[in-house]
Amino acid sequence: MFRFVVVLSVLFLQDGLTASLGEDSNQRPNIIVIMADDLGYGDVGCYGGTAVPTPSIDRLAAEGMRFTSGYCSASTCTPTRYSFLTGTYAFRVPGTGVAPPNAAALIPAGTTTIASQLNEAGYATAVIGKWHLGLGEKGKGPDWNGTIKPGPLELGFDHCLLLPTTNDRVPQVYVADHHVENLDPEDPLWVGNKKPFPEYQSGVELRDSLRFDSMHGHRDTVYNGIGRIGFYTGGTAARFLDEDLADRWVEHSKAWLTQHKNEPFFLFFSSHDIHAPRVTHPRFENAGTTGPRGDMIAELDWCVGQLIDHVEELGLTKQTLFVFCSDNGPVLCDDYLDGSVEHLGSHDPNGPYRGGKYNVFEAGTRTPLITRMPDVIPVGVSDEMVCTIDLAASFSNLVGQPIPKDACLDSLDQIDVLLGHSGAVGREFLVEQDNGGSGNFGLRVGHWKLVRCKTSRMLNTGLRMSWNASPPLALYDLSNDPGETSNVIDTHPEIGQQLDQRLQQIIDE
Ligand code: NG6
Ligand code: CA
């Protein structure tokens with residue numbers, strides 16, 4: 001049955017795509033997934049954002065399909081990225097929460113991923129940007145001065161240019177394929193979780209000289225005036241400046257796209273915007289009135305515009321499927337005291353939804369999601385439910401690559417929905433997780449939303465980093481209460497119970 005559906009769908013798609021792909025029916029669409037970091041539902045113009053103009057992201061929406069029920073699968077970075085790549089919920093695999101600087105590869109080499117599927121189908125594949133899924137052998141972690149393996153190249157990517165974790169963690173170096181770029185062997189890179197020697201000056205000692213202070217963390221190694229999580233020494237020639245990240249990745253992506261313009265390609269452009277530390281290139285400083293968070297949104301939008309324009313210059317606009325998404329919902333102060341709370345003004349990063357990064361209310365995972373492929377995807381707005389976890393099965397179907405048994409367990413083929421086919425129906429249910437391990441989950445089924453809170457409290461539910469009390473089970477009717485303000489579990493106990501059982505079944509599967 002599954003095979004039959006796949007074959008039918010591929011035939012149908014190829015039919016639909018032939019017009020824009022020209023005579024060569026073997027030609028398959030290029031795919032560019034742009035994943036933003038910590039970008040909220042309401043952060044960009046086409047979703048109601050007022051922080052700064054976002055003409056390029058808005059352009060994708062104006063020329064494609066904008067989803068109002070587009071989700072990532074977790075409200076922190078590592079589990080969303082784990083699920084996006086593997087098509088399996090991160091909560092099924094222990095140790096997939098936010099990865100520390102020396103984390104070993106979280107996804108075992110040889111695992112079927114969105115990249116390996118496309119690679120096997122003949123696509124050139126690259127990930128350029130933030131990784132944050134660990135590197136190197138289990139029990140060892142990255143060999144910073146040697147061959148850094150396994151990593152993306154053992155998961156179906158032909159090429160990578162990575163920020164290994166996030167930029168608030170050490171080290172500030174690029175990993176290009178299997179090596180730290182520009183590393184001088186005379187000046188080896190050391191990364192650890194303790195001071196390298198007792199008199200080492202960390203963010204605690206240097207606190208008064210930092211570009212911005214923090215609430216309670218980010219006081220280990222200080223580099224470029226910014227306190228980070230974790231310590232490092234050496235590797236001086238290999239270090240980049242925070243200000244240059246976006247430029248480098250855009251420039252590198254353009255070169256890679258040009259190199260692969262004559263074959264089908266898959267680029268995972270994994271932006272660090274708008275994650276803390278919120279430091280942009282100086283040309284984006286004060287881009288809006290909302291402080292560094294808004295500046296980061298402006299930088300992100302610039303990256304999107306550069307990629308759109310470059311694909312156009314290559315003459316590939318109609319052959320290229322763009323997917324724009326985020327890895328988790330918004331947060332204002334993410335420990336660094338960078339003025340994001342004070343400068344917020346009337347901007348509403350989570351739009352009409354409750355919560356954000358770190359919790360399982362809607363805004364933790366309901367985030368911007370846009371698909372664009374002129375002449376294939378109609379222009380419009382879709383309320384169908386789709387999730388970044390579905391891209392693995394959906395792209396596999398799109399290119400006719402069968403999914404091996406026991407792979408991509410939770411990824412549903414939503415290609416018809418993503419391509420905006422009329423009548424296509426999205427997900428019936430979705431599990432929303434936080435960083436994992438808390439036992440807190442959300443389950444959306446149709447217009448019902450169950451919030452299970454095992455810890456009886458949740459962080460950042462009002463876009464402030466404070467804990468809020470939460471009942472063990474709450475039920476919200478999103479059709480008249482999208483903001484999850486009114487818990488109706490007492491008036492609908494049977495629905496609450498059904499959803500709770502269903503959530504448990506999915507978790508136990
Ligand atoms: C938290 C960090 C936060 C951020 C997050 C990961 C503190 C107090 N908070 O532990 O700053 O790094 O982890 O963000 O250190 S994510 O988007 O990569 O998941
Ligand atoms: Ca993130």
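## Overall fold

The protein chain contains 10 helices and 20 strands; helices (H or I, at least four residues) and strands (E, at least two) are DSSP runs, numbered from the N terminus. This is a predicted model, in which local features need pLDDT of at least 70, side-chain atom pairs count only at pLDDT 80 or more, and totals for chains, interfaces and linings use all residues. Residues are numbered from 1 along each chain as its sequence is written, and side-chain values use heavy atoms, with hydrogens and water left out.

## Size and packing

The C-alpha trace spans about 65 × 60 × 45 Å along its principal axes. For 509 residues, a compact globule would have a radius of gyration near 23 Å, and the 22 Å of the protein chain agrees with this. That radius is taken over C-alpha atoms, and the globule rule is 2.2 Å times the number of residues to the power 0.38.

Of the 509 residues, 62% count as buried, meaning under 20% relative accessible area (1.4 Å probe, protein chains only). Among contacts (heavy atoms within 4.5 Å) between residues at least 6 apart in sequence, 73% join residues at least 24 apart.

## Arg 81

Arg 81 lies in helix α3, which covers residues 77-86. Its relative accessible area is 1%, so Arg 81 is buried.

Apart from neighbours within four places in sequence, Arg 81 is in contact with Met 35, Ala 36 and Asp 37, with Lys 130, Trp 131 and Leu 133, and with Phe 268, Ser 270, Ser 271 and Asp 327.

Definitions and conventions
Chains lettered and ligands numbered in written order. Buried < 20%, exposed > 50% of the residue type's maximum accessible area, 1.4 Å probe, protein only.
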